[in-house]
Amino acid sequence: MFKKVLIAEDIDAVNTALKKFLLSLGAQEVVYASYCDEAYLKCKKAYQEQSPYELVISDLSFRQDHREEKIRSGEELSLILKKEMPELKIIIHSIEDHPGKVKKIIPYVDGYVCKGRKGMNHLEQAIQQVYGGKSYLSPDIEQTLHHKNVKELSDYDLSILKLLCDGYIQEEISMKFKAQGITPFSKSSIEKKLKDLREEFEAKTNPQLISTVLTLQLI
Amino acid sequence: MKSPLILSIFFIVLLISCKEKDQTKKIQCRNDLAAQFFERSKETEDLNQKLTLLKKALAEIYTPQDTLQATIYDNLIYFHNKKKEIDSSVYYANLLIKNGFEQGDTLQVAKGYYRKAKSFFYQNDQINVLNNTFQSQRYYLLAGDSVNAGKRLLELSIAQTRLGDFPASQNSAVKALSLLKPSKDSFYIASSYNNLAATYRKLKDFDEAIEEYSNALKYINSSQDSLAVVNNIANVYAEKEDFKKSLGLLESILPLAENQNFINRIRDNYYFTKWLSEKTDITDSLELIMEARSKHNDLTGLLSSYDHLVKVNEKDSPKEALRYAKAYYETSRKLNSVTDEISALDYLVRLSPVNEIKPYALEHIRLNDSLIKSRDKVKNLFAKIKYDEEQKLEEIDQLEKISIQQQLEVLRGRNRLNIAILLGILLTGSAAVIYYYSKQRHKKERIREIHATEARISKKIHDELANDVYNVMTELENPDHSYKRGTVKKLESIYDRTRNISRENTPVTTSSGYREDLQDMLSQSVPQQTTLYLIGLKDISWSKLSTESKIVVHRVLQELMVNMKKHSEASIVKLNFKETSSKLTISYIDNGKGFSSAELKKGAGLKNVENRIDSIGGSFNFQPETTEGFSAQIVIPF
């Protein structure tokens, strides 16, 4: 477990909760900073004193106040920290779940946890994963990022479905594809593809698949 | 550092000295050599000395603007005339005219012509007198000096009478009168009437002549002058053979006359008229008058004495008559009076012995011819002058017309330009107004839209969040409250919805990352247990869509997903994107519960979708009241 952890977070309640949580996980030194600049300076100082922080848990957005900050967001902070101290692990702990924004940050952080009902749970998982040298994304973020629930049917898929609807059997589809120069045209490949499609559309048989496809007007 | 100071002092000194120079120059203008010579010429009495001094003064004048120059010319003309050096005076008169033209001083030009006419008059060159007088009056008229123009016209009229062009003379005299009458210059007015009368008399129009002489009388101030006019009237009556009246008039003026020559004239006329009327012998009286006249060297008077004596003696003592005729001829030649010469020759031809007639006859013919010729010449000359003048006036008229036309043209052009400018201003003005108005309207629309959005969000927060938060609050305030998990669950739901509202209102990427952004949004909106099929999304050329349409598509799909999530419980959702040249078609199908029409009416979401699509001219169709699934079609024009 990480021994020296810095929390960059501008809400004190969250800070206290996090500190307690981290100490319970086995961290020995937990320090927090309310501003990005402050976080950066603390990291830098510890780094120069040969006792660097091992993990930084940072929020993304910080409320602007009277102080003139050089680093204004967790994004900028992560970027600069990763650049100057590549060994330092960073986990983003934020309310932000916009895929576009998350995508931008992922390359230079080690974990991304969305704040939420199961936030602490995910954070614990994240710390363990990151400690083990892996990266971590909370499940909801992962789903949107990888579009797990969104499928784009390829032309190949559509062609198979179309021919199936027209009453072709697998062999005939294979021959047709061969004649039209569509690859792969082997019977086994087509069979495998159909199996995948049936799974995808929750159909047990080919006729059921056709029914679903037609109902959805996919072809 | 010193040198600029010295320099500036030097300049100041220079400036001051320049000023001083200017002042002295002004003083010199009145006290220069030209003025000095001119003053000296005034002082001396000797004509030659005067002329040399004037010429010296003239040589000292360097600028044509100098007004002294014209004065010097005028003096030179005057004194040269005095010395009978007509050539020189004409020369300076020409210079005076030239200078007048150069300085644009029309009055000076008129004066120059007048001086020139005077010089020719001294030379008895009546034709040139006529010519220059005519020019002089013309320039006086141009300069607006009607009095001097009238005076010159009178002189012109007199010259014309002398040259025998009576109708022209009358014309000039009438014009002169019209110009002179307002001036009340009685001498010139009287002279004009007198001259007019003389022409009528020459033309044998006696009644007119008498009337004009009477008019002249009204304006004459001096009694002696009026006596001369009365004498003339008497002569006209005599010519009219109204001897009684003539004699009466002559009798009445005889005692009033003062001048001896004039007395002689009256008496001569009186006796001759008496002889004409009564044929009484008055030869002795006439001879006495003749002797008195020759004693006074009154040559003009002698002419009429000889004339009368010839006439009186012609019948009874032709020899006496011949003697007087010869005297008449000699005197007329001495006076260079052609008309008298001709009448004298006439008598000589009639009275002389046959062998002496021929030379007189020849001379008579020659003189008569030349007289007629010169009269014709004068008439032609004057006609030519007038014709030239009219031609010139016509040309001037023409030029004025052209220049007026040009001015009109310019004005018209300017008007056209003005109208064009005005139109331009109007156009840009109205364009600006329209632009401003539409911008304002657009602004208003935007403000309205923003306001509507704000209202929508506000309502959402109130309806979806505030109530629930309040419920949780009351729950927590209940002292018996112990069901912690339920509260946390409720709070999570509130938290999720808050983020949904935030998500629904995050700005849409409309540039290059639009498709990815759209896909992200869809993925995020679809619940975990539901699968969304996207067909043809990759093939759509989003760049063809306007920014507004892109935003609408994004928001509408978002709205549809939210709707789906809320109500349908669908496990499979399909979005089919199709693109033709003019439009983008998106069809939505899910396998959920579908809507009842009551639900549809209640849902603000679909209404919102419809409004949004309407705003970009697209269409939104859905199948209502389906129990199995929900389908809709969105068409968006490119």
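Residues are numbered from 1 along each chain as its sequence is written, and chains are lettered from A, with ligands numbered from 1, in the order in which they are written. The model is predicted: local features need pLDDT of at least 70, side-chain atom pairs count only at pLDDT 80 or more, and totals for chains, interfaces and linings use all residues.

**Exercise 1. Describe the make-up of chain A and chain B.**

Step 1: Start with secondary structure, where helices (H or I, at least four residues) and strands (E, at least two) are DSSP runs numbered from the N terminus. Chain A comes to ten helices and seven strands, while chain B has 24 helices and five strands.

Step 2: Turn to burial. A residue is buried if 20 or more other C-beta atoms, placed from the backbone, lie within 10 Å of its own. Buried residues are 32% of the 219 residues in chain A and 32% of the 638 residues in chain B.

Step 3: Look at contacts, meaning pairs of residues whose C-beta atoms, placed from the backbone, lie within 7 Å. Among contacts in chain A between residues at least 6 apart in sequence, 57% join residues at least 24 apart. For chain B, residues 24 or more positions apart make up 54% of the contacts with a separation of 6 or more.

**Exercise 2. Which elements of chain A touch chain B?**

Step 1: Count the contacts: 17 residues of chain A meet 26 residues of chain B.

Step 2: Name the elements of chain A that give two or more residues to this side: α4 (99-105), α6 (139-146) and β7 (150-152). The largest share, three residues, comes from β7(A).

Step 3: Sort the side of chain A by class: five nonpolar, nine polar and three charged residues. Here Ala, Val, Leu, Ile, Met, Phe, Trp, Tyr, Cys and Pro count as nonpolar, Asp, Glu, Lys and Arg as charged, and the others, Gly among them, as polar.

**Exercise 3. How many bridges join β7(A) to β1 of chain B?**

Step 1: Recall that two strands pair if DSSP finds at least two bridges between them.

Step 2: Three bridges join β7(A) to β1 (residues 531-535) of chain B, and the strands run parallel.

Step 3: Find a facing pair: Lys151(A) stands opposite Tyr533(B).

**Exercise 4. Check two UniProt annotations of chain B against the model.**

Step 1: The unreviewed UniProt entry lists a "transmembrane region" at residues 417-438 of chain B; annotations, given in the numbering used here with shortened feature names, may be inferred rather than shown by experiment. This span is 100% helix and 0% strand, with its end C-alpha atoms 31 Å apart.

Technical notes:
Two residues are in contact if their C-beta atoms, placed from the backbone, lie within 7 Å. A residue is buried if 20 or more other C-beta atoms lie within 10 Å of its own, exposed if 12 or fewer, and partly exposed in between; C-beta atoms are placed from the backbone.
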